[in-house]
Amino acid sequence: MSDPCVGRIASRARRAFALSVLGMVAIAVSCGRADPSRPKVFELRDVVGPALAAAIARAPIAEPTTGTANPEAVEAVLGTLDSPDSRLRGLALADAKALGDPAVAAFATVLADSTAPPARRTAAAQALGAIATRASTAVLVHDLEAVHEPWLRAQCAWQLREAQLDEVIPGLADRLKYEIDGNTVIWIADALASFDNFSGVEALRVLRNTHSDPDVRGAAAERLAALASERGFADGEALYDAWYRGDPEGRLPARTPSDALRREAWWHLSRLVEWDLRTVDDARFALVHMESWVVPLLVESLHDRDVYTRVHAAQCLGRRGPRARAAVPELVAALTEPSLAPQAAFALGEIGDRAAAVPLEELARSARDVDLRIAAVRALGSAGGPSSLEGLRAAWSPDQSIDLRLAAAGSLVRLGEGDSVASFLLECLTSKVADASAAEHALGDWIAHHADAGAAPWTELRRRWRELDPSPTDVPNAVQVAERRAARAAMARAGLAGTAK
Amino acid sequence: MSVLRTVLGVGFLGATVLALTLVFEKPPPPVDTAVFTSSSQCAQCHAGVAAEWAGSQHAEAWINPAVRALSNDFANTDCIDCHAPRPVFETGLANRVLPRESRRNEGVDCIACHQLPDGRMAGTIERSDVACRPAATVDLARVEFCAPCHDQHKTITQWRETEYAEKGVGCIDCHMPFRGGDPNLGRDHTMHGGHSIEFVRSAVTLEAVRRGDAVVARVTNVGAGHHFPTDERSRAADVFWRPLDAGGHGVGAWRFAYRFRSPYRHEVELTDTLLPAHATREVEITDDDARGAIEVALFFKLSPYWTVPDRPDPEGEARLVQRIMVRP
């Protein structure tokens, strides 16, 4: 019998020896691999923190004002702004501007006072617009969200337009996400456009096409047409198209952002690490809706040491779609960074630039990480082309996972090859193991693709398909969802029968 | 130079393999490990647990029709992070989870909660002779483990202000109790919450008394370790009342008295009326019709909207939590 203690020591010695040998082997192998042609490592560094500090140094955040204005002067301004005489009102605005920051607190108090007469609160908003400083516009941005009365929120938007400090753009854009009053949305869109930011145009189209109040529909249509005309576009659709396609013809005016606006952009980028997802999404929303000068800042943030900053910056670029085309090379480089690659692939798909097709095809064929492979396959639906079809068909083959097959089928539909995968999508629509919602979307795309080609049975099918879309206020139950999918399956079968003929 | 290094490296590797073969008299038996890409793999050995989970809201996180409607079919992509998350342990305890691209229809699945960065599975025991190689991980039981998702709606923050936090009663003590109360049987993976009306009933009491001409309904959060209701701005609890006839039957439609709810950001005209743990809120009913016999009821809703906002139908569109009669 050997001593068990001696045995344990011998075992540990063997393990230690083996580990040290393995360490030396690893060093030897890594030396052998020192190849200058290897892909460059995607560099991670501190980006947002230092950039924000530098931006604040260039444009310091305004200190709260400590002085107070003469109450009589404040009252005189408020009283005169209610005058029917436009000359007197002009003088009152000049007086308000002369009072400056020390009067901001007094006007802010009146603006927020729900017991004050509407004309007095309107006058306070006008006075703040006339002061036109960081302190006064900060109050207007705050009250654009906080006051209960929609007419007063619209007034705040109007006064932010009058003040013309571009650092309010993120605050205005943020309200596009939450504002539910149609008239206020129109004034927010108008204020944004006054800074050559046309992110409110989409909201104007929605209001024009769907708002229940004909007055709001009319006002939105009128403002949209006016904005388009002022910028030399034939109509609102042309303006919308130029903005959301990234202005490929260079028709939109490009302003240089102020240092204060750049500081605001970095501040929003610094918010991407926040815990609360709504805070993060507010920052994302603002960054998505800023003008194109923000794209290089987002690209730089892809390199931030913080994983949330990297991932959310990539999401912002993706949500900007073609307006982030300048980011394509860096997003392609980001495909080599494991923590960022799926989101970079998503972004490349949303931007839809063919320049990304080859690297995405490579990942769709051989990525070892299943999430990355699926993201690449999805992205090829919009960034891919004829050269992508072979790889997508391979990803759709029965020996692949159901998630990958479904992603590939969706992309094949978007590339015009839907007839070959429609039966599979139909199976997935009623499957318990596949993502039935994804199958439903892809089938809808397939029918729309045929309808866009103009064939009458398909346009009718598309009409019936869309009729079953739940309304925004509906919360269907599982039975209703099953019924909708069964009805849509019947439509898809009818479409399939048509293609068989 | 590079070729020489490669040759040296390969030669060294060969020598090392030989040395290792000599040193180890008997290599350890290979562990039949697996790469987990779907929770269906877990069900092969853990069928009972998987069946419990399949009936839970975690399993429904991606496919639940209400979730899809309220997230605009996940066009609100920030919802994906928690409704189809990458493993919690990947980003670490008390850090936000990140969204995944694959197996989204499995929602918050086994892998999301149990997979460790090294591919092992977090559990209550340590074993290396089974495919999932469980690693005893106390972090699974911490509130910080649930926080990445459930504190997005401030549930954990609410809990920190309660006596439960002081006593160390955490999320799983109520939502994942031991099966049959026996620690040896493991924890229930059904994870009951707001979707179980019995569970909701255990959270609050409803009392009502006469005070002068008015009836005062009193709702107390006696059982929830957080606000009531919690976790979703869409959730609401409503106090209704209606007169009773001589036979004790309700007369006419239910009349609205009070709503417990945290409003959405765009609902600027509403205030947060959630009921904190251990707190009581009194609701005064002063209508002339309330001078006679009435019944007061508390209803619970998973979505805040009524089909006809001016004429809510709580019996048809909400679930009854408590009901009480008040005589003159």
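How many helices and strands does chain B have? Chain B has 13 helices and nine strands. The model is predicted, and the predictor gives the complex an ipTM of 0.81 and a pTM of 0.86. For chain B the mean pLDDT is 89, with 90% of the residues at 70 or more.

**Chain B overall**

- Of the 328 residues in chain B, 36% are buried.
- Contacts in chain B between residues at least 6 apart in sequence join residues at least 24 apart in 59% of cases.

**An open sheet in chain B**

- Four strands of chain B, in the order β6-β5-β8-β9, make up an open sheet with antiparallel pairing.
- Its edge strands, each pairing on one side only, are β6 (255-260) and β9 (319-326) of chain B.
- On average, and with direction ignored, neighbouring strands of this sheet are turned by 20° against each other.
- In general, the strands of a sheet pair through backbone hydrogen bonds, in either a parallel or an antiparallel way.

**Strand β5 of chain B and its two partners**

- Strand β5 (residues 236-243) of chain B runs antiparallel to strand β8 (residues 294-301) of chain B, and eight bridges join the two.
- Within this pairing, Ala237(B) stands opposite Phe300(B) of β8(B), and Pro243(B) has Ile294(B) of β8(B) as its bridge partner.
- Five bridges connect β5(B) with β6(B), again in the antiparallel sense.
- In β6(B), the residue opposite Val239(B) is Tyr258(B).
- Six of the eight residues of β5(B) are buried, so the strand is mostly covered, a residue counting as buried when 20 or more other C-beta atoms lie within 10 Å of its own.

**Helix pair α5 and α6 in chain A**

- For helix α5 (residues 104-112) and helix α6 (residues 118-131) of chain A, the packing angle is about 145° and the axes are 8 Å apart.
- The crossing of α5(A) and α6(A) is left-handed.
- On the α5(A) side the contact is made by Val104(A), Phe107(A), Val110(A) and Leu111(A).
- On the α6(A) side the contact residues are Arg120(A), Arg121(A), Ala124(A), Ala125(A), Ala127(A), Leu128(A) and Ile131(A).
- By class, the residues of this contact are nine nonpolar, two charged and no polar.

**Helix α19 in chain A**

- Is helix α19 (residues 341-351) of chain A enclosed by the rest of the structure or exposed? The helix is largely enclosed, because 11 of its 11 residues are buried.
- The buried residues of α19(A) include Phe346(A), Leu348(A) and Ile351(A), and also Gln343(A) and Glu350(A).
- Among the elements of chain A that cover these residues are α17 (307-320), α18 (328-334), α20 (357-366) and α21 (370-383).
- Gly352(A) follows α19(A) and has a positive phi, near 70°.

**Ala226 in chain A**

- Ala226(A) belongs to helix α12 (residues 214-230) of chain A.
- Ala226(A) is partly exposed, because 13 other C-beta atoms lie within 10 Å.
- Between the C-alpha atoms of Ala226(A) and Gly236(A), which are 10 residues apart along the chain, the separation is 8.3 Å.

How values were computed: Residues are numbered from 1 along each chain as its sequence is written. Chains are lettered from A and ligands numbered from 1 in the order in which they are written. This is a predicted model: local features need pLDDT of at least 70, side-chain atom pairs count only at pLDDT 80 or more; totals for chains, interfaces and linings use all residues. pLDDT is the predictor's confidence in each residue, from 0 to 100. Two strands pair if DSSP finds at least two bridges between them. Axes are lines fitted to C-alpha atoms, for helices over the stretch in contact, and angles run from 0 to 180 degrees between N-to-C directions. A crossing is left-handed if the near helix is turned anticlockwise from the far one by less than a right angle, and right-handed if clockwise. Two residues are in contact if their C-beta atoms, placed from the backbone, lie within 7 Å. Ala, Val, Leu, Ile, Met, Phe, Trp, Tyr, Cys and Pro count as nonpolar, Asp, Glu, Lys and Arg as charged, and the others, Gly among them, as polar. A residue is buried if 20 or more other C-beta atoms lie within 10 Å of its own, exposed if 12 or fewer, and partly exposed in between; C-beta atoms are placed from the backbone.
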